[in-house]
Amino acid sequence: MNYKELIKSFSKDNFYNNVNLHIHSNFSDGKLSPDEIITQAKEKGLEYISVTDHNNLDGYLKTNLKNEDMVISGIEFDCWYKTTFFHLLGYGFDVNTELLNPFLAKNKKDTEADWVRIFAKRNVKNLISAIHGAGGIAVLAHPACYWCLNLDGFVKQLIKFGLDGIEVYYPYDRHRGIIKFHSRKTVEKIADKYGLIKTGGTDCHGEDLH
């Protein structure tokens, strides 16, 4: 399946109703197991989901998650570019790839402890190249949150590295309202300006996917 084209086809209504591409399981800092996520997603009538654990693919490699038709492979990496700490989402890649191995967590703390993850040292250009090499796309997560005065310029630089999309449809009011430095409207304008794929999800860490 061409996951890039599939994700491009999702609308704002999809992301607010039946598509959730930002979920964390207990293989990083979430509370639900992959099986519980699948069960709840089906109960809620979701058509597509992605489990995007921090810096690891164990939820796919150690469970049946990858065998579910409704699941798009995903991961969320902690990254720095110059003075900006940010999260990069990967989607639709081969979970059995070895290309991502150099960027994966070395231990459990690297998947859940904020004070550890903030010291991440990943070459963003090489990471995006690895995601592409594994057949996936690279998406900037919740961009309104970053301490970055020139968000447009920051995104433009990531595009030079191969960035494919931006997470536009995100529940800032529930998750990151306190540290929101830009507006959702600004994020969407930037996505439109550069023709980036728009994605969305609830960034679920708890016991309810919504």
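Asp78 touches His54, Asn55, Phe85, Phe86, His87, Arg117, Ala120 and Arg122, leaving aside residues up to four places away in sequence. The model examined here is predicted. Asp78 is found in strand E3. With a relative accessible area of 0%, Asp78 is buried, because that value falls under 20%. The side chain of Asp78 makes a polar contact of 2.9 Å with the side chain of Arg117. Asp78 and Arg117 also belong to a network of salt bridges, in which Asp29 takes part.

Most residues other than glycine have a negative phi. Asn55 is not a glycine, yet its phi is positive, at about 60 degrees. Asn55 lies in the loop between strand E2 (48–51) and helix H4 (58–61). The relative accessibility of Asn55 is 1%, so Asn55 counts as buried.

Lys82 likewise has a positive phi, of about 55 degrees, and is not a glycine. Lys82 sits in the loop between strand E3 (74–81) and strand E4 (84–91). Lys82 is exposed, with a relative accessible area of 70%.

At 32% relative accessibility, Trp80 counts as partly exposed. Together with Ile118 and Phe119, Trp80 makes a nonpolar surface patch of about 310 Å².

Charge pairing was examined next. Side chains of opposite charge can pair when their charged atoms come close. The structure holds 11 salt bridges. One of them joins Asp164 to Lys4, with the closest N and O atoms 3.9 Å apart. Asp164 lies in the loop between H8 and strand E6 (165–169), and Lys4 lies in helix H1 (residues 3–9), so this pair ties together parts that are 160 residues apart in sequence. Asp164 is buried, with a relative accessible area of 14%. Lys4, at 37% relative accessibility, counts as partly exposed.

A salt bridge also forms between the side chains of Lys44 and Asp208, at 3.3 Å from N to O. Lys44 is in the loop between helix H3 (34–43) and E2, while Asp208 is in the segment after strand E7 (197–200), so the pair ties together parts that are 164 residues apart in sequence. Lys44 counts as partly exposed at 32% relative accessibility. Asp208 counts as partly exposed at 43%.

Lys108 forms a salt bridge with Glu112, and the closest N and O atoms are 3.9 Å apart. Lys108 has 39% relative accessibility and counts as partly exposed. Glu112 is partly exposed as well, with a relative accessible area of 35%.

A further spatial relation involves helix H8 (residues 151–161), where Lys156 is placed. Lys156 and Tyr194 are 38 residues apart in sequence, and their C-alpha atoms are 8.1 Å apart in space. Lys156 is partly exposed, with a relative accessible area of 44%.

Conventions. Residues are numbered from 1 along each chain as its sequence is written. This is a predicted model: local features need pLDDT of at least 70, side-chain atom pairs count only at pLDDT 80 or more; totals for chains, interfaces and linings use all residues. Side-chain values use heavy atoms; hydrogens and water are left out. Helices (H or I, at least four residues) and strands (E, at least two) are DSSP runs, numbered from the N terminus. Buried means under 20% relative accessible area, exposed over 50%, partly exposed in between (1.4 Å probe, protein chains only). Patches are made of residues with over 30% relative accessible area and no salt bridge: like charges are joined within 9 Å, nonpolar side chains (Val, Leu, Ile, Met, Phe, Trp, Tyr) within 5 Å. Accessible areas come from the Shrake-Rupley method with a 1.4 Å probe; for residues, only the protein chains shown count as cover. A salt bridge is a side-chain nitrogen of Lys or Arg within 4 Å of a carboxyl oxygen of Asp or Glu. A polar contact is a pair of N or O atoms within 3.5 Å; within protein, one must be able to donate a hydrogen and the other to accept it, and residues adjacent in sequence count only if both atoms are side-chain atoms. Contact means heavy atoms within 4.5 Å.
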